[in-house]
Amino acid sequence: MAERTKEMKFDDIIAKVKECGKKTVAVSVAQDEAVLQAVMEAKKRGIADAILVGDEEKIKVLADKIGMDLSQFEVINETDNIAASLKAVKLAHDGIADMYMKGIIDTKNFLKSVLDKEVGLRTGKPLSHVAVFEIEGMDHLLFLTDVAFMTYPTLEDKVNIINNAIPVCKACGVELPKIAPLAAVEVVNPKMPETVEAAELTRMCEAGEITDCIIDGPLSMDLATHPEAAYHKGALDRKIQGDADVLLFPNIHAGNMVYKTLVHMTNMKVGGILSGTKVPVILTSRSDTFETKVNSIALAAVVAEELKKVQ
């Protein structure tokens with residue numbers, strides 16, 4: 001049985017990108033200083049080249065400000081934000097770019113380009129977000145889903161969220177991810193629908209209806225992430241005993257609160273992408289740090305390589 005690579009960190013992800021060969025990211029409405037800094041650093045580290053689509057004059061002003069040599073990048077001039085997003089996403093749709101990144105365009109219009117019927121990145125699957133954490137004190141990467149996109153996932157949605165997360169795990173060295181559908185308790189309670197759905201996901205995995213992973217739920221957060229809790233609670237018969245790779249949240253509120261708690265209260269590194277698309281989509285927030293943006297580009301690059309195996 002394949003096991004996760006416990007020592008894998010973001011530095012290892014970046015090293016893996018170099019083994020795969022440098023990727024190319026298409027940036028939608030690229031006249032954004034923070035995004036330009038991130039793609040400049042990604043190129044410097046050998047993670048990815050970039051095609052910058054947007055207002056060329058504004059891009060030049062920002063590039064001069066941050067000391068970015070634009071001669072190293074392809075720039076496609078398009079002053080209209082909507083048209084720029086469609087030109088950028090078409091690069092990914094046509095295979096010219098390996099991933100697609102949001103610049104200074106509102107999320108609604110960016111997602112419209114992702115879902116465009118003619119030039120977008122639809123696969124027929126629902127989209128979901130996967131955040132990958134490297135947390136000081138943990139010996140492995142921790143995957144959180146969905147913390148940013150699906151609001152109140154149904155059972156069917158949760159199956160799709162799991163299937164979207166698996167290629168991300170594999171790209172990061174986790175061949176058979178342990179997935180914990182979270183709830184407040186670790187037993188089924190008919191009055192708590194999250195526990196019933198968690199148990200059904202577990203059954204589906206055992207029946208071979210969900211593959212390439214191990215699912216054990218419902219699980220409380222402590223049982224999912226702390227081996228000592230499994231020991232003290234007498235849960236040593238569980239398939240997951242504090243060693244979950246993936247935390248599957250019952251709704252966006254729970255996921256988003258845990259995400260922000262980890263970001264603001266732990267020493268960590270994080271990257272995140274949208275999955276379920278033809279190529280990985282980098283949907284970073286303006287509040288995300290420079291390092292998070294670079295990590296997200298690196299994560300998208302290894303996932304892009306992984307997706308080649310299944311497409």
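Contact is taken here to mean heavy atoms within 4.5 Å. The structure is a predicted model, in which local features need pLDDT of at least 70 and side-chain atom pairs count only at pLDDT 80 or more, while totals for chains, interfaces and linings use all residues. Residues are numbered from 1 along each chain as its sequence is written, and side-chain values use heavy atoms, with hydrogens and water left out.

Apart from neighbours within four places in sequence, Ile-297 is in contact with Ala-38, Val-39, Ala-42, Ile-47, Ala-48, Met-99, Met-101 and Ile-282. A nonpolar core is a set of buried Ala, Val, Leu, Ile, Met, Phe, Trp, Tyr and Cys residues joined through side-chain atoms within 4.5 Å; buried denotes under 20% relative accessible area, exposed over 50%, and partly exposed in between (1.4 Å probe, protein chains only). The largest such core has 61 residues, and those touching the most other members are Val-39, Ile-47, Leu-52, Met-68, Phe-143, Ile-162 and Ile-297. Helix 11 gives the largest share of this core, nine residues. Helices (H or I, at least four residues) and strands (E, at least two) are DSSP runs numbered from the N terminus.

Val-132 is found in strand 5 (residues 128-135) and is buried, with a relative accessible area of 0%. Not counting residues up to four places away in sequence, Val-132 touches Phe-10, Leu-141, Leu-142, Phe-143, Val-168, Lys-269, Val-270, Gly-271 and Leu-299.

Strands are paired if DSSP finds at least two bridges between them. Strand 7 (residues 178-181) runs parallel to strand 8 (residues 214-215), joined by two bridges, and Lys-178 has Ile-214 as its bridge partner in strand 8. Three bridges join strand 7 to strand 9 (residues 246-248), also in parallel, with Pro-181 opposite Leu-248.

A cavity is a set of points, on a 1 Å grid over the protein atoms alone, where a 1.4 Å probe fits but cannot get out; a pocket is an open set with protein on both sides within 12 Å along at least five of seven lines, and lining residues have an atom within 4 Å of a point. The largest cavity is lined by Lys-158, Pro-181, Leu-182, Glu-194, Ala-198, Leu-248, Phe-249 and Pro-250. The largest pocket is lined by 27 residues, with Tyr-259, Thr-284, Ser-285, Ser-287 and Asp-288 nearest its centre. Elements giving two or more residues to this lining are helix 5 (107-114), helix 10 (252-265), strand 10 (268-275) and helix 11 (290-307).
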